[in-house]
Amino acid sequence: MKKKWLMYVGAGIGILCLFTLTGKERPTLTVQSSQHVSLISDVDVAKTPSETVRRPLIEQLRIELSHFSEPMPDMTKWLQTRVWPYDSKNELLSVIQTDLDQDGVSNEWVTVLVEDIRDEQTGVVQERKSYGVIIDFEDSQYILQYLNFSSANNGRTKVMTIDDLTGDNKPEVVWVSINSGAHTTFSEYTVSSWVGRKLETYVGTAVIASESKAEIRDKKLQLSGGLIGSVGAGPWQQEFTETYAVVENTLKRTERSYVQSPTPYHRLINGMWAESHGYREQALRDYSEAIKMKAASYQDYAFIFEGEWVQGGINSDKEAEFDRTIKRYSLLRKELLTEVNRGVDQRNACVSAKKKAGFDKAWLTYLNAPAGYANPHWEEGTICSDIALLEQ
């Protein structure tokens, strides 16, 4: 049996106790004096489950912090030495010292900690959990609050920024977790506040595929990207920018705008998202533009015609009918929004708009012709629906 050593260092009393663990013993680690509990082992020795004597990371940190009554000189260094036995990758910590409660003293520390979750029988790492952690020192006492992130992110979480998103002149913590699929990486954003020495996280998350940019502008979170890498998502995708704000204790999307709209179809979609988020004048402009604009070519796109995926530029007759249908539907959406702006209820406005635009069920074949699951899908009963409610 390989040996493992457990060392207790009692601060200020100069006592060193060193003894061996046979693997049959499972002692409880007891902090006898203020600050240091260290588990020492030979890194070359494979550990069996019975040899692994360790409290969960967050529990262990809280116990150790409770023995401090004075601020420690280097929180980053202290945390790093405590976390390394829990992290098989030994990643360096990024710890931000800041003033979250705006009391004039930077006595809060913000970081992300990672813990290996091992199989109880084999000791093999099954997943890596990540925690958004805030440590606060006040009235001679440390406290630790944390946010548990989804295991699907496999420990890939970090602090994006610390900034005011609520307008109360106190900063929020913006966390981002990374989840990689077979073809696409998704970034998921969460926002927390520090209130009364407690970590409070707002309802809702902001998720974007293939992120190209993330920033805080005018107290709002702006994310750019959106392209899904799988072939099935289709070639009609365009990069967009989404804006999120904290509204009524919820992180809500308030805007989505596309980087470019090279065809009437893209201009229509842009207008529908503008309408969905309450930008009605912008939506009316987009619908008007879609009605009159002409696509230079559909060669770079693809369609589903008669159940088959057809490359653009091959079937000119069907593509021309698709173009006409998009223009007619853009007119319908323009008339619908105009009626709603006049105070007409949604149902009657829909009836009127269909009549003015000459709606025909045959439109559905062409509205749903753009190939790829990332496009909205219409049915007869959803012609007047908000795009956010359509299947995509």
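These legends accompany close-up views of a predicted model.

**Figure 1. Overview of the predicted protein.** The chain has 392 residues, and 46% of them count as buried. Its secondary structure consists of seven helices and 18 strands. Among contacts with a separation of 6 or more, 50% are between residues 24 or more positions apart.

**Figure 2. Strands β8, β9 and β10.** β8 (residues 157-163) and β9 (residues 172-180) run antiparallel and are joined by six bridges. In this pairing, aspartate 163 stands opposite glutamate 172 in β9. On to β10 (residues 185-195), β9 makes eight bridges, and these two strands also run antiparallel. Isoleucine 178 has serine 187 in β10 as its bridge partner.

Figure 3. Threonine 161 is placed in strand β8. Its relative accessibility is 23%, so threonine 161 counts as partly exposed; the cut-off for buried is under 20%. With neighbours within four places in sequence left aside, threonine 161 is in contact with Glu172, Val173, Val174 and Ile216. Valine 191 is 30 residues from threonine 161 along the chain, and the C-alpha atoms of the two are separated by 9.9 Å.

**Figure 4. The open sheet β13-β14-β15-β16.** The strands of this four-stranded open sheet follow the order β13-β14-β15-β16 with antiparallel pairing. At its edges are β13 (213-217) and β16, each pairing on one side only. The average twist from one strand to the next is 20°. β13 pairs with β14 (residues 220-225) in the antiparallel sense over five bridges. Glutamate 215 has glutamine 222 in β14 as its bridge partner, and isoleucine 216 has leucine 221 in β14. Two residues lie between the strands in the hairpin of β13 and β14, where aspartate 218 takes a positive phi near 55°. β14 is joined to β15 by five bridges, and these strands run antiparallel. Leucine 221 has tyrosine 244 in β15 as its bridge partner. Because five of its six residues are buried, β14 is largely enclosed by the rest of the structure.

**Figure 5. The second largest pocket.** This pocket has a volume of about 530 Å³. Its lining comprises 25 residues, of which Gly226, Phe240, Arg256, Ala374 and Gln392 are the closest to the centre. By class, the lining residues of the second largest pocket divide into 16 nonpolar, six polar and three charged. β12 (206-209), β15 (240-247), β16 (250-258) and α3 (264-276) each supply at least two residues of the lining. The largest share comes from α3, with four residues.

Figure 6. Serine 385 lies in the segment after α7 (363-367). Serine 385 counts as buried because its relative accessibility is 19%, and the cut-off is under 20%. Apart from neighbours within four places in sequence, serine 385 is in contact with Met272, Arg333 and Leu390.

Notes:
Residues numbered from 1 in each chain as written. Predicted model: local features only at pLDDT ≥ 70, side-chain atom pairs only at ≥ 80, totals over all residues. Heavy atoms only, no water. 1 Å grid on protein atoms, 1.4 Å probe; cavity = no way out; pocket = protein on both sides within 12 Å on 5 of 7 lines; lining within 4 Å. Points joined across faces, edges and corners; volume = space filled by probe spheres on them. Nonpolar A, V, L, I, M, F, W, Y, C, P; charged D, E, K, R; others polar. Pairing = 2+ DSSP bridges. Axes fitted to C-alpha atoms, helices over the stretch in contact; angles between N-to-C directions. Buried < 20%, exposed > 50% of the residue type's maximum accessible area, 1.4 Å probe, protein only. Contact = heavy atoms within 4.5 Å.
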